[in-house]
Amino acid sequence: MSLVRHLKTALLAAALALAGLQAAQAQAAKPQEQFFPLQSYRVGPYAAGGTGFFGGFIDYLNLVNTRDGGVGGVKLTWEEGETQYEVERGVEVYERLKTRPGIAAWNPLSVGIAYALIDRVTADKVPLLTINHGRTDTTDGRVFKYIFPLLVNPYSETSGIVNYLGTKAGGIDQLKGKKIVVLYHGSPYGKETIPIYELLAKQYGFTVQQIEVPHPGNEQQSQWLTIRRAKPDFVVLRGWGVMNPVALKTAQKTGFPADRIVGNIWSNSEEDVIPAGDAAKGYVAITSVAPGTQYPVLQDIVKTVYDAGKGNLQDKKRIGSVYHNLGVLNGILNVEAIRIAQAKFGKRTLTGDEVRWGLENLKIDEARAAALGAKGLFHSIHVTWDNHEGDGRVAFQQWDGTQWKVVSDWIAPDWKLLRPIIEKSSLAYAKEKNVKVRQSIDD
Amino acid sequence: MATPTLQPGTPRTLWPLWATPAIALALAYGVVPLLATDYVFDALLIPFLALSLAAVGLNLLTGYAGQLSLGSAAFMAVGAYAAYNFQLRVEGLPLLAAMALGGVAATVVGVVFGLPSLRLRGFYLAVSTLAAQFFVQWALTKFGWFSNHNPSGVIDAPPIAVAGVAFDAPTGRYLFALTVVAVLTALVWRVTRTPTGHHFIAVRDNELAARVIGVPVLRAKLLAFALSSFVIGVAGVLWGFVYLRTVEPAGFNLDRSFQILFIVIIGGLATLRGAFLGAALIVVFPLLLSRLGSLLLGQWFDSGVLELCQRIALGAIIVGFLIAEPRGLAALWERAVARLQRTRPPPPQGA
């Protein structure tokens, strides 16, 4: 009895000592490090997106550390906290990791978590990146100083999809009288584009019917029966995670052809189509990042990171998949913002506010993208202090049964049409929350 | 009326009844604010308090009055959205008034969905309260007015301030939540000791017998739904305004209802202490476990593997607890205290 008790005490003491030691190590401020707190999700219904995206992000940070010795001599560090895509978990991770020194930026890859963090990052003066997603009106940097929906916000994505459907119909004016069904995920992310589809429908004279699929999206029989009754010309799939393969399979069962379904930016990955099998053949989806491993930066990652056994993806076949490449691209944008900010503030650990300045001066044209080994991986980006999206272009890709093939040029969404709507919304937010509207980058 | 059999939660301890809550409150007000960090406030204590309060509310309904409900998260959502809309649409309405009105709105919805309890019992009632769960989420999604026409259905919480004093720092938000929880818990405790509370227990133990001895059964049932929904509604406001500071309908889904029900069952039915112990186990303990796991093993496993291990561990612990004491953590606590007292020398009277 007493032996057991002693053993227990000893074990407990050892565990506590070890925990204390590691905590002490973590607490010790190390100079010249830039820290990325990662609110990742590797379990739960959206694990495919989480492992791919955060895997790619970590792979790129690893590449920069190994190949270049960091950014300007500053090492990149990170730590993951599991969120399962749940808002309260994301908040917990934020509160846990926000005291770390040298935080560069937050990259939650979840609209729900991003919403919960807007007030918090603004108070803490650290940027929050929502690449390809997020709250649309955060594009207005005059109001949302620390939030960056980089490359494509939900409205641009919607405009891009409608433009593409216009070309498929034989000209945007041919959309008149057509019928489009939008099947959307029952979450803040899924609902974000409801008003913009209504607006574009009025603008171009098509009718739109928007149908919700409850989270996570395993059940869609009744939705597709409604679609079959409605007989639409196109279905836009605004899905996420398991909802997408289920949608494609259910579409096949109800006899709706895959090539008349157009996926949005979070319905465009291998993980969305491979589980659907041949039901996905011919399916088209929008993208801001091209799939494949032929780009030099991906080759570097394979050579420098994976061949050294430091790769983050467990399944090497996923290298070059859409989510993985998006993670790599997210790494490029973060790292370039740090590089640009270092040019102004010096090659040292930057504060969150300095990284925010770097993001507001983030300009990667096609030449710079090529120099980074990312020519063709994405088009370009030009962020300014009042435009936090950055004029990114989109392309369309089609699934041929084994891989994605890009089937369009890089096209521009209708930013002129969208900007006034965004400003109306952001100014309303500024009024509700008493936020001062910035007049210049220095405000 | 106050015979011991009607008070299953009364601890058989040597110190007076008020001692444990008094010590807990003294610690919560006096010691915790000095020791805790922002992380402990924002990620552990505030959600713990909000869900404890929701569990107190559900315990009144399920533990005391014996009405099984799976609609708790819906009543939380009603409270949060109603408080938001009162705050938004009534110029100059104080936050506390908005919270109370949110609770009142939850009460109204709670009574409406409590009506089937007049005809249904047990699992049948639980399934009918599911209707509240689905209906509320549907309504909040369907009608943009509830979320002030925010396209994604997400609303931002107003700043926390009472009579011009801001409670926006983590400590302030904690103290605010703590006060609300303490006051409402005290009220609920008081209710359980009134004739109304005894009616609840009588209805729970044997509805027919209760009717025979003259307990107004229908009134007791609806009153239980009303009081419970009010408390749960205010807990929803705390969850949305004080903890997350953003509210979306999907945050109040069936999972949350189950979570609250599990807190009540694991903590111990018909004891208020159980609500707090259960919330500690369901809300705080997994976070501590996952932090300990990532500190000790984080270098060897990725966060996903750790998360799954932590779930297995938590599941095993819950099963272990329930085998050791099916009446919940509160009973376990009581037994531990009783054992502690047995090992001491007997009191002078030799009792």
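Predicted model: local features only at pLDDT ≥ 70, side-chain atom pairs only at ≥ 80, totals over all residues.
A:Arg142 is a buried residue, its relative accessible area being 18%; here buried means under 20% relative accessible area, exposed means over 50%, and partly exposed is in between, using a 1.4 Å probe and protein chains only.

**Salt bridges**

- Side chains of opposite charge can pair when their charged atoms come close.
- Helices (H or I, at least four residues) and strands (E, at least two) are DSSP runs, numbered from the N terminus.
- A:Glu423 is partly exposed, at 25% relative accessibility.
- A:Glu95 takes part in a salt bridge with A:Lys98 (3.1 Å, N to O) and in another with A:Arg120 (3.1 Å, N to O). The pair of A:Arg120 and A:Glu95 bridges 25 residues of sequence, from helix H4 (residues 111–124) to helix H3 (residues 87–97) of chain A.
- Is A:Glu95 buried or exposed? A:Glu95 is buried, at 2% relative accessibility. A:Arg120 is buried too, at 4%, whereas A:Lys98 is partly exposed, at 23%.

**Aromatic pairs**

- Rings of Phe, Tyr and Trp (its six-membered ring) pair if their centres lie within 6.5 Å; planes under 30 degrees apart count as stacked, over 60 as edge-to-face and the rest as tilted.
- One of the pairs joins A:Trp240 and A:Tyr323, edge-to-face, at 6.1 Å centre to centre and with 85° between the planes. A:Trp240 lies in the loop between strand E7 (234–238) and helix H9 (243–253) of chain A, and A:Tyr323 lies in helix H12 (residues 322–345), so the pair ties together parts that are 83 residues apart in sequence.
- Both partners of this pair are buried: A:Trp240 has a relative accessible area of 3%, and A:Tyr323 is at 2%.
- In chain B, the rings of B:Trp138 and B:Phe143 also form an edge-to-face pair, with centres 5.8 Å apart and planes at 80°. B:Trp138 is partly exposed at 45%, and B:Phe143 is partly exposed at 39%.
- Ring pairs also build a cluster in chain A, including A:Phe36, A:Tyr41, A:Trp240, A:Trp266 and A:Tyr323.
- B:Arg89 lies over the face of B:Trp145, 4.1 Å from the ring centre. A charge sits over a ring if NZ of Lys or CZ of Arg is within 6 Å of the ring centre and within 35 degrees of the ring normal.

**Helix H11 of chain B**

- This helix (residues 272–297) has 26 residues and spans 36 Å from its first C-alpha to its last, close to the 38 Å expected at 1.5 Å a residue. The expected span is 1.5 Å times one less than the number of residues.
- Where does H11(B) bend? The bend, of about 40°, is at B:Val284, and a proline, B:Pro286, follows within four residues. A bend is the angle between axes fitted to the seven residues ending at a residue and the seven starting there.
- B:Thr271 caps the N-terminal end of H11(B), with a side-chain oxygen 3.2 Å from the backbone nitrogen of B:Arg273. A polar contact is a pair of N or O atoms within 3.5 Å; within protein, one must be able to donate a hydrogen and the other to accept it, and residues adjacent in sequence count only if both atoms are side-chain atoms.

Note on methods
Residues numbered from 1 in each chain as written. Chains lettered and ligands numbered in written order. Heavy atoms only, no water. Salt bridge = Lys/Arg side-chain N within 4 Å of Asp/Glu carboxyl O.
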